[in-house]
Amino acid sequence: MKMKTHPLRTFAEDTRASVALTFAVMLTTLLIAGGIAVDYSRSLNVHTSLQNDLDAALLAGATQSDKTEEIREVAQMYVADNWRNKFGITGNVEIIVDKPEESVVRGRITVQVPTTLMAIAGVSTVPVSVASEIQMAGQNLEVALVLDVTDSMAGPKIEALKQSATELVERAYENESSRDHVRIALVPFADYVNVGEINRNANWIDVPLDTETTSESCIDNYREVTGTTNCRMETYSYDRDGVTVTGEQQICDYEYGPPTTRCFTTTYYNRWYGCAASRDYPLDVKDEQWEVRVPGAMNVACGTPGMELTNDDAALKQRISEITTFGNTYIPAGLFWGWTVLSQHEPFSTAKGYNELVDGKPIEKIMVLMTDGANTRSPNYVAKNHSGNDVALANSRTAELCTNVKSQQIKVYTVAFDVIDENLKDMLRDCASSPQNFYDAEDATELQAAFANIGANLSPLRIAR
């Protein structure tokens, strides 16, 4: 007998079928939506990677040649070696390079990125395009490397600085055209800057004549050492530019002979070794009134002389290799003389004017200030030297010089090297032209990275877009 289906059962079966169909449609929709999100995220990653590689490829090509076809060939090889199989993309990646102007290279890449879940909806690839523009001959650059070479930099730290500065110079001149556009000056500083003994008779510095005086003196009760006893090792410590130095030394008790009369001939020297002190305030923070001369600091050493602006990278690297450490920290000395080598005013004459055009292009002036410690010295205006220890005064002069330098549209980079003093970091951060221009390098590796980053901005080859 044929059973009659109850209407409620029929309704239930129809409902289950409808739910199943609805779930299938929703699942497909969700898969497609999820696939779009996954593939979109993937295409963004590809875009970022492709943009970076196109920038690098054009820079690599423009570094080796100024001919469009040769640039294209080098860039093509660079992408093939570094990117072609990334993200599973296969086939040729075409780089289109054009050079509508002599100083600009433009490149474009378009690739088809295979999809994953979007293929369900019939979309098998997503196009990704990037473009880049390389400035072949950028603005003319004048750069002052103002480098802390105080005693606290002795040892591995000064070697790390010399390596980093050398690599910066090499980066700036890696393209032959750089010589027409980039000039760099070197200003090593501690409590003084060595402006060069050759400038003794210049009209902007006041240096007394070197003198020597000989005199004789006698000691009636002179007792000569005849032996030692009780020799032992004792520890010692002393402050070297804000850093405590400790060690051991031998100490002995001395035995002396009978009193006698001993006469001595002593020669006293008053000499200048190229060290520059400070003019009276406010001229020690200003680039003006050069009829008021800088006093030469007598009877103090101040290390390696600096160099005026030059495009002789070999000479720059040689002078960097000769740097030795000395003295304590007076940051304004470095800032002041770093400013003077970038100024068209006295005392130096190699810098162009702030608003001067060279080959129709303006000059960008840059100062790179690196230090590993806070100010420990200040000016002694009476003695015409930097023998003071008024840290507050030194910090005030530092801040004022930073402001005055930046007022001339000089871009300032600052680098703190192995610095734990947060107040000093704040001062250097404020001195920089922007927070992005301040680098906090905790060790030699980070110092090298900071100088490499700065050096990338010193080449005429730069990413314009």
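Biologist: Is tyrosine 254 buried, partly exposed or exposed, and why?

Modeller: Partly exposed, because tyrosine 254 has 49% relative accessibility, and a residue has to be over 50% to count as exposed. Keep in mind that we're looking at a predicted model.

Biologist: Okay, and where does tyrosine 254 lie?

Modeller: In strand 10, which covers residues 243-256. Tyr254 also belongs to a nonpolar patch on the surface, along with Val225 and Tyr256. Together the three have about 320 Å² of accessible area.

Biologist: Now for helices. How do I read two that pack together?

Modeller: You describe two packed helices by the angle between their axes and the distance between those axes. Here, take helix 3 (residues 156-172) and helix 4 (residues 313-321): their axes come within 10 Å and cross at roughly 175°.

Biologist: So what does that say about how helix 3 and helix 4 run, parallel or antiparallel?

Modeller: Roughly antiparallel, because an angle over 145 degrees counts that way.

Biologist: Which residues make the contact?

Modeller: Helix 3 brings Lys162, Ala165, Thr166, Val169 and Glu170, while helix 4 brings Asp313, Leu316, Lys317, Ile320 and Ser321.

Biologist: Let's zoom out. How many helices and strands does the protein chain have?

Modeller: Eight helices and 21 strands. Of its 465 residues, 43% count as buried.

Biologist: Last one: how much of the contacts comes from residues 24 or more positions apart?

Modeller: Looking at contacts with a separation of 6 or more, such residues account for 73% in the protein chain.

Definitions and conventions
Residues are numbered from 1 along each chain as its sequence is written. This is a predicted model: local features need pLDDT of at least 70, side-chain atom pairs count only at pLDDT 80 or more; totals for chains, interfaces and linings use all residues. Side-chain values use heavy atoms; hydrogens and water are left out. Patches are made of residues with over 30% relative accessible area and no salt bridge: like charges are joined within 9 Å, nonpolar side chains (Val, Leu, Ile, Met, Phe, Trp, Tyr) within 5 Å. Accessible areas come from the Shrake-Rupley method with a 1.4 Å probe; for residues, only the protein chains shown count as cover. A salt bridge is a side-chain nitrogen of Lys or Arg within 4 Å of a carboxyl oxygen of Asp or Glu. Helices (H or I, at least four residues) and strands (E, at least two) are DSSP runs, numbered from the N terminus. Buried means under 20% relative accessible area, exposed over 50%, partly exposed in between (1.4 Å probe, protein chains only). Axes are lines fitted to C-alpha atoms, for helices over the stretch in contact, and angles run from 0 to 180 degrees between N-to-C directions. Angles under 35 degrees count as roughly parallel, over 145 as roughly antiparallel, 65 to 115 as roughly perpendicular and the rest as oblique. Contact means heavy atoms within 4.5 Å.
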